[in-house]
Amino acid sequence: KQKRAAAGDPKSPSLKEENESRILVFVRVRPLAKNETEAGSRCCVRVVDRRDVFLTEFASEKDYLRLKRLRGRHFAFDASFPDSATQQEVYSTTTSELVEAVLQGRNGSVFCYGATGAGKTYTMLGTVESPGVMVLAIKDLFSKIRMRSCDGNHAVHLSYLEVYNETVRDLLSPGRPLVLREDKQGTVAAGLTQYRAYSTEEVMILLQQGNHNRTTEPTRANETSSRSHAILQVVVEYRVKDAGMNIINKMGKLSLIDLAGSERALATDQRTIRSLEGANINRSLLALSSCINALVEGKKHIPYRNSKLTQLLKDSLGGTCNTVMIANISPSNLSFGETQNTLHWADRAKEIRTKVTNANEDILPVPETETDQSKLVLKLQKEN
Ligand code: ADP
Ligand code: MG
């Protein structure tokens, strides 16, 4: 709570009254990679006070010697993580509050974006030794559930899907593309596996396998570029008794999104977006930019229907949701242009306001039928 209000925005008290909330924006700088060091690159980003990012733009060593100081630009965020930040630190600062909110029947979403190789998948999924936000969130969720209920009335369901080239695929149960359909909860992917999860250990394995099912595509030599967006949705369903001893069904949904590489596609104005549409640029990413621009400008019409990604994330962007963005950047001057682009975009994302409405009540998703659900789980267990 305090963090949201203290984000340096004089308008925040009134925003709170109107039940509006700002998107929280964080930046994470990854360590210099071996190939970047070998190529003789230097570091062009510095994190100041765990909050701001300073991007230097001097052209050469000579310039630097002449100026005796670094010329550059400061960007202020809710927090920024230097390359020494741990996965746990990133999780606690960016996402743990959303996990708490999900247990109170609210929705939350975390987006990671940045150029290919900037550290999105490391931040979201991580490795077996250093699990990322997705796994730490689920671990935290289970431990919070254990602490607050001894009657086991919480159910945790996971789905993991990808949007690639405007096609939606189930990452837990790869097969035919899924069709999007509207229902009273919003847009859902018909037939998507809902995996009932019981422990963090199984989830880590499940997500690693799911990640292997993602579509990657070679671009330049020795490089693979991911143009696929991966979305993990964690739905918690539970029952509580109200004052009149009536049983109320509640649910909260957390969406964790590892976006496709944003190179050349993070446009902050409508003209650039239009010029990029002709090029072979990720349509979902452009649509995301358009929606964010429309939200920033307070437009009535938000073009969610322009892509599969924005259709799926409609309630995570403008709707009833706490939203967090993590911008990933490389510290190397070889990526200066991409880093600058990512930071500008992140800076703009701070302007987005979302309306957080009351908790979801009595809108439990009804599984198609109980047997359908168990069949899917069985099928998945057999395949894995
Ligand atoms: P992206 O998903 O944005 O394309 P990755 O997450 O795959 O990028 O990161 C590229 C490489 O950098 C990977 O080898 C990854 O393990 C490494 N890496 C990224 N961020 C970090 C970090 N914070 N600490 C250590 N290694 C990292
Ligand atoms: Mg990746």
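**Notes on the predicted model**

1. Four bridges connect strand S3 with strand S4 (residues 52-56), and the two strands run antiparallel. One of the pairings can be named: valine 45 has leucine 55 of S4 as its bridge partner. The structure discussed here is a predicted model.

2. These two strands belong to an open sheet of three strands, in the order S3-S4-S5, with antiparallel pairing. Strand S3 (45-48) and strand S5 (72-76) are the edge strands; each has a single partner strand, so one side of each has no neighbour in the sheet. From one strand to the next the twist averages 20°. As background, strands of a sheet pair through backbone hydrogen bonds, either parallel or antiparallel.

3. A helix also packs on this sheet: H14 (residues 336-349), which touches S3, S4 and S5. The direction of H14 makes about 145° with that of S4.

4. The loop between S3 and S4 holds aspartate 49. Phi of aspartate 49 is near 55°, a positive value in a residue other than glycine. Most residues other than glycine have a negative phi. Is aspartate 49 buried or exposed? Aspartate 49 counts as exposed because it has 8 C-beta neighbours inside 10 Å, and the cut-off for exposed is 12 or fewer.

5. Asparagine 165 sits in the loop between strand S8 (155-164) and strand S9 (167-170). With 14 other C-beta atoms within 10 Å, asparagine 165 is partly exposed.

6. Ligand 1 is surrounded by 14 residues, and the closest are Arg30, Gly119, Lys120, Thr121 and Tyr122. Which helix gives the most to the shell around ligand 1? Helix H7 (residues 120-124) does, with three residues. By residue type, the shell around ligand 1 consists of four nonpolar, eight polar and two charged residues.

7. Some totals for the chain follow. The chain has 15 helices and 18 strands. Among its 384 residues, 41% count as buried. Of the contacts in the chain with a separation of 6 or more, 67% are between residues 24 or more positions apart.

Technical notes
Residues are numbered from 1 along each chain as its sequence is written. Chains are lettered from A and ligands numbered from 1 in the order in which they are written. This is a predicted model: local features need pLDDT of at least 70, side-chain atom pairs count only at pLDDT 80 or more; totals for chains, interfaces and linings use all residues. A residue is near a molecule or strand if its C-beta atom, placed from the backbone, lies within 6 Å of it. Ala, Val, Leu, Ile, Met, Phe, Trp, Tyr, Cys and Pro count as nonpolar, Asp, Glu, Lys and Arg as charged, and the others, Gly among them, as polar. Two strands pair if DSSP finds at least two bridges between them. Axes are lines fitted to C-alpha atoms, for helices over the stretch in contact, and angles run from 0 to 180 degrees between N-to-C directions. Two residues are in contact if their C-beta atoms, placed from the backbone, lie within 7 Å. A residue is buried if 20 or more other C-beta atoms lie within 10 Å of its own, exposed if 12 or fewer, and partly exposed in between; C-beta atoms are placed from the backbone.
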